[in-house]
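Subject: Structure handover

Hello,

Here is the structure I promised to pass on. Please open it and keep it beside this message.

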Amino acid sequence: MSAARSTLAGAVVATLRRDLLIAYKRKNDLFNPFMFFVLVATLFPIGISPEPEALGEISAGVLWISALLASLLAMDNLYRADFEDGSLELLMLSPHPLYFLVLAKNFAHWLVSGLPIVLVSPLIAYMLNFPEGAYSTLVLTLLLGTPVLSLLGSIGVALTVGLGSRGLILAVITLPMSVPVLIAGTLTVSQTLEGASLSGYLAIMGAMLVAALTLAPLASAAALRISVN
Amino acid sequence: MDKQPSERTEQVETLTPLLAVDDLFCERDERVLFQNLSFRLAEGQVLQIKGGNGSGKTTLLRILCGLNDNYQGLIRWRGELLANCVEKFRDGMLYLGHRVGVSKVLTPRENLLWSGHLHRQISADEMDAALAQVGLQGFEDSQCFTLSAGQHQRVSLARLLLSEARLWVLDEPFTTLDVRGVAFLENLIGQHSDRGGSVLVTTHHALAVDGVTELTLGVGQMPRGSLS
């Protein structure tokens, strides 16, 4: 019996593959967070001021807030459909540790919702007259920060997936946890512009990512067990 | 409220039973679903769990397969407490629930590939054979939202064919199946039992399988004079 037992890597790859396939087949969901990010960022010049100076000053914050909101919007897809069709139960009854399977789902989700935002951010930054010389820092902080947002959001979704009407509760759970990431991200960018050394700030963001990678899937897995219970 | 569920399980205690349940107690919303529930499931035994609507059949199955831990009592898998051998237990158990675990945007083949790999390595040939056996030949690559509820159920039945689990836990597996599907599944349960596998199944319909033992939940919990 054990000869044919799938390896942990096999199960993780199968889960990753499946989630990417589902995302690919649901193209609407795929582009929603991306479009949302672009739209929110575009509204700021209209709402505040089209003056290049004023825009340049707030651009880092605008980009980070847009990324945060876009990731929040995207979170709901993470476990919802799986909960409703029973796939989540199959995932939990797998002999493999739920931690790694949840991590695979989170990674797939970040690839389709977080990565596009990171990739398009320089373009939106240019539109917002983002100060020259900090582009690479911006992309780097988003690259470190958006996975943390996804991993933290996953906990909130896992907790609320069983509730009938969730409304704002997901935001209420997730946003307070996300604020440190927002602060670290914008601070890193502004410190770069003032000529400070980057390594310390990036190290903090890297530490946040490592902590989220190791702890958040544990919390998500526990929350999913409660939700399915 | 406090009457014991009747128990007509023939106990064959020659070997360590595959699954042993002792003094199981579960209440939901301050209503006792079952208490002092004890039974043994031997290898090769098919146990049909009966009981009216709301008598706790699904809850019992979810407790037994580890999806619900809101209970008191002891559950042993091959003589070991469930909590101490979770991985081995999940390796040897296959659960088909009310919600069949079939993603609507994926095809039957993609669904099986994923759920199969959560347990064991399966080859493309095995998978095609299983899909053909459950009558989904020609539908392997159609997205599942184009298929009927019965066909979704058949996708999940293909999991039984691909699994090497000793214990099948089936929650109302017959509901959406047509007559031939029902006969097919009954046959499958019979074969599994002949090979020494055990089955826990809830259904309201009379199982046409040899040697089925029955466990009835919630006897006497309905008020007198009401529909029971």
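Below are some notes on how its parts pack.

This is a predicted model: local features need pLDDT of at least 70, side-chain atom pairs count only at pLDDT 80 or more, and totals for chains, interfaces and linings use all residues. Residues are numbered from 1 along each chain as its sequence is written, while chains are lettered from A and ligands numbered from 1 in the order in which they are written.

Start with chain A. Helix 2 (residues 27-47) and helix 7 (residues 115-127) of chain A have axes that come within 10 Å and cross at roughly 25 degrees. (Helices are DSSP runs of H or I, at least four residues; strands are runs of E, at least two.) The two helices are therefore roughly parallel (angles under 35 degrees). Helix 2 of chain A contributes Pro33(A), Phe34(A), Phe37(A), Val38(A) and Ala41(A) to the contact (C-beta atoms, placed from the backbone, within 7 Å). Helix 7 of chain A answers with Pro116(A), Ile117(A), Val120(A) and Ile124(A).

Next, the two chains. 27 residues of chain A are in contact with 28 residues of chain B. Helix 1 of chain A gives the most to the chain A side, with 8 residues.

Now chain B. Its 4 strands form an open antiparallel sheet in the order 2-1-4-5. Strands pair if DSSP finds at least two bridges between them. Strand 2 (31-41) and strand 5 (80-81) of chain B stand at the edges, each with a single partner strand, so one side of each lacks a neighbour in the sheet. Strand 1 (residues 19-28) and strand 2 of chain B pair over 7 bridges.

Best wishes

Terms used
Axes fitted to C-alpha atoms, helices over the stretch in contact; angles between N-to-C directions. Parallel < 35°, antiparallel > 145°, perpendicular 65-115°, else oblique. Contact = placed C-beta atoms within 7 Å.
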